[in-house]
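Hi everyone, thanks for coming. Let me put the structure up, and then I'll walk you through a few of its features.

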Amino acid sequence: MSEQLVSLSINGRARPVRAMPFHTLLEVLRDQLQLTGAKRGCNQGICGACTVQVDGQPMRACLSLAVNLADREITTVEGLAAGRTLSAMQQAFVECGAVQCGFCISGMLISASALLRDNPHPSEDDARQALVGNLCRCSGYAKIIEAVCRAGEAAP
Ligand code: FES
Ligand code: FES
């Protein structure tokens, strides 16, 4: 078994990496590319802290092998803002005080941003459904759901 050169596309930028066939996307993001927004929580697909978007769909980076993601479009939390301008979802999280320790928040933002793209005015139920795979150990769900709905209210 040997390292492979993989051309990843992350936040709109080509990022060639070397990965063993067993290296997860999460390992490559955090350990090779220093993109540490995606968090290593359970590392077994349960908590959602590692969630990134792959071709626009939320995906567990801890369960995704980097070598399988060549030329797929990967978005991490670092790619949500435009320079120093927060996305509408990030802004809503700030305004609603939806962040406690912050560990789950990058995954929450990634899942919620995918929802908002497909459903610009989500209901509370829609928001809860979209975030069902993202766990918050601080149990700050009420403010998080409020933030997702606020981002929808601000959408055109
Ligand atoms: S770290 Fe990936 S789901 Fe928990
Ligand atoms: S804010 Fe602490 S785990 Fe969610």
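**A leucine on the surface**

Leu135 is partly exposed, at a relative accessible area of 40%; here buried means under 20%, exposed over 50%, and partly exposed in between, with a 1.4 Å probe and protein chains only. Before I go on: this is a predicted model, where local features need pLDDT of at least 70 and side-chain atom pairs count only at pLDDT 80 or more, while totals for chains, interfaces and linings use all residues. Residues are numbered from 1 along each chain as its sequence is written, chains are lettered from A and ligands numbered from 1 in the order written, and side-chain values use heavy atoms, without hydrogens and water.

So where does Leu135 sit? Look in the loop between helix H4 (124-130) and helix H5 (141-154); helices (H or I, at least four residues) and strands (E, at least two) are DSSP runs, numbered from the N terminus.

Now over to Gly12, in the loop between strand S1 (4-10) and strand S2 (13-19). Gly12 is exposed, with a relative accessible area of 65%.

Zooming out, we have five helices and five strands, in the order β-β-α-β-β-β-α-α-α-α. The C-alpha trace spans about 50 × 30 × 25 Å along its principal axes. Of the 156 residues in the chain, 46% are buried. As for contacts (heavy atoms within 4.5 Å), among those between residues at least 6 apart in sequence, 55% join residues at least 24 apart.
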